[in-house]
Structure formats: C-alpha cells, structure tokens
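Have the structure open as you read.

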Amino acid sequence: STIWVGTMSGPFASTDGGRTWVSRRQGMPAVAEDFYSAPVDIVLVDPTDPNRLMALGGSHHYDRNGMVRSEIGVAWPSTDGGATWGPAVSVAKGANLTGGAVLADGTMLATADEQGLFRLAPGTSKWEHVVPAGRRMYSVTAHPTDPSVAWATFTSDVGDGPGGLLR
C-alpha cells in the first residue's frame, strides 16, 4: 500500500511503510528556485478507486513574495494512482486550501480559508461550494463508513465570532 504526504515541494509517496520517500510531481509546475511552485498540503485518495487521487494545493503555511496568489487554491487530479497529475483545477482561487477528506463513496471535500467548504462528487470535475464564505475553515474529517457525514472545523466568522464544528 502507498502512503502519501503533501509538502511544499509537491506530493511524495512511500511504498515501504515510510522508510523511503519518492517525489511524485509529474505534470505539476517545474520546481522554482525562489518560491514553491506546487505546494501540496494533503493528498486525497478515493477509497472506491485507488487510482483517483487529488493533491490539494496552496499553502496556509507559507506565502512568499514570488508566489502568485492565483497559484493558491488549486488541486491537481490524478487518475493513474499519482504517476501523473493535472492539469490543475480551481477549488477556491486565491484561497489557502487548509484541509481535505474523502467520504466513503469517493466524494472529496476541501476547506478553504474564509471561502468555506467545497465538494467534488465522483465522476465530476467541478468543485461545488457547499458551505458559504465567511467562516475561517481549517479542517474537515469524513465518517469512515457513512458517506453522508463529515465534520468541518472553523475558528470564527470573519471578524468576530465563535469557532466551532459543522456537521
């Protein structure tokens, strides 16, 4: 089985339990000398089709002057188990993608800064906005067997307000 991690230099994979790692960024922008060209925060794997992956890009960890904001908030799909990626699709243009999860039916979820929660249904290519902007979304977790349940966390409304959990 393959373990995936997202890094500021793109996705890495391990097939030996994490002892060794290999960069897997074929199809992503070339490595840049002075900024991160393909920051990936998380790699999602579809439990119904292990060849269907999504590398969620952007970086809520780092934003240098050389990085164009339009490069943040994109995702790179793979349909061949991560051998190749792309082309990049916009999830929440200009927003940091801060978390992701996959439901048991293969539906992919992504949280995006102050832009809310997004969903990508299996067999589609356009991310749907399901929780509106105005919440600082930070993470999402999927129920392991029930595809109708996920939990997303937020810290506050934009401005003042309490943080919490959405189901």
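## Ser14 and its surroundings

Not counting residues up to four places away in sequence, Ser14 touches Ser1, Thr2, Ile3, Arg19, Thr20 and Trp21. Keep in mind that this is a predicted model. Ser14 is found in strand S2, and with a relative accessible area of 0% it is buried.

What does the side chain of Ser14 make a polar contact with? One partner is the side chain of Asp16, at 2.9 Å. A polar atom of the Ser14 side chain also lies 2.8 Å from the backbone oxygen of Thr20.

## The sheet around S2

Strand S2 belongs to an open sheet of 3 strands, ordered S1-S2-S3, with antiparallel pairing. Strand S1 (3-7) and S3 are the edge strands; each has a single partner strand, so one side of each is left without a neighbour in the sheet. Zoom in on S2 and S3 and you'll find 2 bridges joining them, with the strands running antiparallel. Ala13 stands opposite Val22 in S3.

Between strand S2 (10-14) and strand S3 (22-23) there is a loop, and Gly18 lies in it. Is Gly18 buried or partly exposed? Its relative accessible area is 26%, so Gly18 counts as partly exposed, since buried means under 20% and exposed means over 50%. Gly18 and Ile3 are 15 residues apart in sequence, and their C-alpha atoms are 7.1 Å apart in space.

## A tryptophan pair

Now for the aromatics. A pair of aromatic rings is described by the distance of the centres and the angle of the planes. The count here comes to 1 aromatic pair. The rings of Trp4 and Trp85 have centres 5.7 Å apart and planes at 90°, so this pair is edge-to-face, the cut-off for that label being over 60 degrees.

This pair links distant parts of the chain, with the two residues 81 apart: Trp4 is in strand S1, while Trp85 is in the loop between strand S6 (74-78) and strand S7 (89-90). Trp4 is buried, with a relative accessible area of 14%. Trp85 is buried as well, at 4% relative accessibility.

Leu117 has Val131, in S11, as its bridge partner.

## The nonpolar core

The largest nonpolar core has 15 residues, and the ones that touch the most other members are Met54, Leu56, Val91, Met108 and Trp127. Strand S5 (53-57), S8, strand S9 (108-112) and S10 each supply at least two residues of this core. Which strand gives the largest share? That is S9, with 3 residues.

Val91 is a handy spot to look around from. Leaving aside its neighbours within four places in sequence, Val91 is in contact with Gly73, Val74, Ala75, Leu97, Ala110, Phe118 and Trp127.

Methods: Residues numbered from 1 in each chain as written. Predicted model: local features only at pLDDT ≥ 70, side-chain atom pairs only at ≥ 80, totals over all residues. Heavy atoms only, no water. Pairing = 2+ DSSP bridges. Helix = DSSP H or I, 4+ residues; strand = E, 2+ residues; numbered from the N terminus. Core = buried A, V, L, I, M, F, W, Y, C linked by side-chain atoms within 4.5 Å. Buried < 20%, exposed > 50% of the residue type's maximum accessible area, 1.4 Å probe, protein only. Contact = heavy atoms within 4.5 Å. Polar contact = N/O pair within 3.5 Å; in protein donor to acceptor, adjacent residues only side chain to side chain. Phe/Tyr/Trp six-rings, centres within 6.5 Å; stacked < 30°, edge-to-face > 60°.
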